[in-house]
Amino acid sequence: QVQLVESGGGLVQPGGSLRLSCVASGDTLSIYTMGWYRQAPGKQRELIAASPTVGDTVYAASVKGRFTISRDNSKNTLYLQMSALKPEDTAVYYCNGRRPRIGTFDEYWGQGTQVTVSS
């Protein structure tokens, strides 16, 4: 099974930028639908960006135009470029991978990386 490890979180001022990375090992990322989720304190985990194996990327309205999801299958790595960060972007960010099976899928999560937007 695949292991997902996120990195790149930290403290950033409002208006700043960060790039998160999610390195996959144990399987080939190219066959997975990949996504970034986040969970703020007291809130449910939410999908903010998805990168399907075929088709267009998808973004939550709250991050569209500010965040960009991308993948480098040769490096087995998923990225989330975040810009124009706001305090409400503060959350733990999780990498998610879904490996298709017949009629279902296997789902995997990284351990999360904290992003704090504050002056």
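## The disulfide

C22 counts as buried because its relative accessibility is 0%, where buried means under 20% relative accessible area, exposed over 50% and partly exposed in between (1.4 Å probe, protein chains only). C95 is buried too, at 0% relative accessibility. A disulfide joins C22 to C95, with an S to S distance of 2.0 Å; the term stands for a pair of cysteine sulfur atoms within 2.5 Å. A search of the whole structure finds one disulfide.

The torsion about the S-S bond of C22 and C95 is about -75 degrees, so the disulfide is left-handed. The pair links distant parts of the chain, with C22 in strand 3 and C95 in strand 9, 73 residues apart. Strands (E, at least two residues) and helices (H or I, at least four) are DSSP runs, numbered from the N terminus.

## Basis of the model

This is a predicted model, in which local features need pLDDT of at least 70 and side-chain atom pairs count only at pLDDT 80 or more, while totals for chains, interfaces and linings use all residues. Residues are numbered from 1 along each chain as its sequence is written, and side-chain values use heavy atoms, with hydrogens and water left out.

## The nonpolar core

In soluble globular proteins, nonpolar side chains tend to be buried together. Here the largest nonpolar core has 28 residues, and those with the most contacts inside it are L4, W36, F67, L80, M82 and Y93. Such a core is a set of buried Ala, Val, Leu, Ile, Met, Phe, Trp, Tyr and Cys residues joined through side-chain atoms within 4.5 Å.

Two or more residues of this core come from each of strand 3 (18-25), strand 4 (33-39), strand 5 (46-51), strand 7 (67-72), strand 8 (77-82), strand 9 (91-101) and strand 11 (113-117). Strand 3 gives the most, with four residues. Contact means heavy atoms within 4.5 Å.

## E6, a buried acidic residue

E6 belongs to strand 1 (residues 3-7). The residue is buried yet has no salt bridge, and the nearest side chain of opposite charge, R45, is 7.5 Å away. For charge, Lys and Arg count as positive and Asp and Glu as negative, while His and the chain ends are not counted. A salt bridge is a side-chain nitrogen of Lys or Arg within 4 Å of a carboxyl oxygen of Asp or Glu.

The side chain of E6 instead reaches backbone atoms. One is the backbone nitrogen of C95, at 2.7 Å; another is the backbone nitrogen of G112, which lies 2.9 Å from a polar atom of the E6 side chain. The residues that E6 touches include C22, W36, Y93, C95, G110 and T113, not counting residues up to four places away in sequence.

## Salt bridges

The structure holds six salt bridges. R99 forms one with D27, the closest N and O atoms being 2.9 Å apart. R99 lies in strand 9 and D27 in the loop between strand 3 and strand 4, so the pair ties together parts that are 72 residues apart in sequence.

D89 pairs with R66, the closest N and O atoms being 2.8 Å apart. This pair also links distant parts of the chain: D89 is in the loop between strand 8 and strand 9, and R66 is in the loop between strand 6 (58-59) and strand 7, 23 residues apart. D89 is buried, with a relative accessible area of 1%, and R66 is buried at 11%. R98 forms a salt bridge with E107, with 3.0 Å between the closest N and O atoms. R98 is partly exposed at 30% relative accessible area, as is E107 at 34%. Salt bridges that share partners join R38, E46, R66 and D89 into one network.

N76 is not a glycine, although its phi is positive, at about 55 degrees. N76 is found in the loop between strand 7 and strand 8 and is buried, with a relative accessible area of 14%.

A84, also not a glycine, has a positive phi of about 50 degrees. A84 lies in the loop between strand 8 and strand 9 and is partly exposed, with a relative accessible area of 37%.

Terms used: A polar contact is a pair of N or O atoms within 3.5 Å; within protein, one must be able to donate a hydrogen and the other to accept it, and residues adjacent in sequence count only if both atoms are side-chain atoms.
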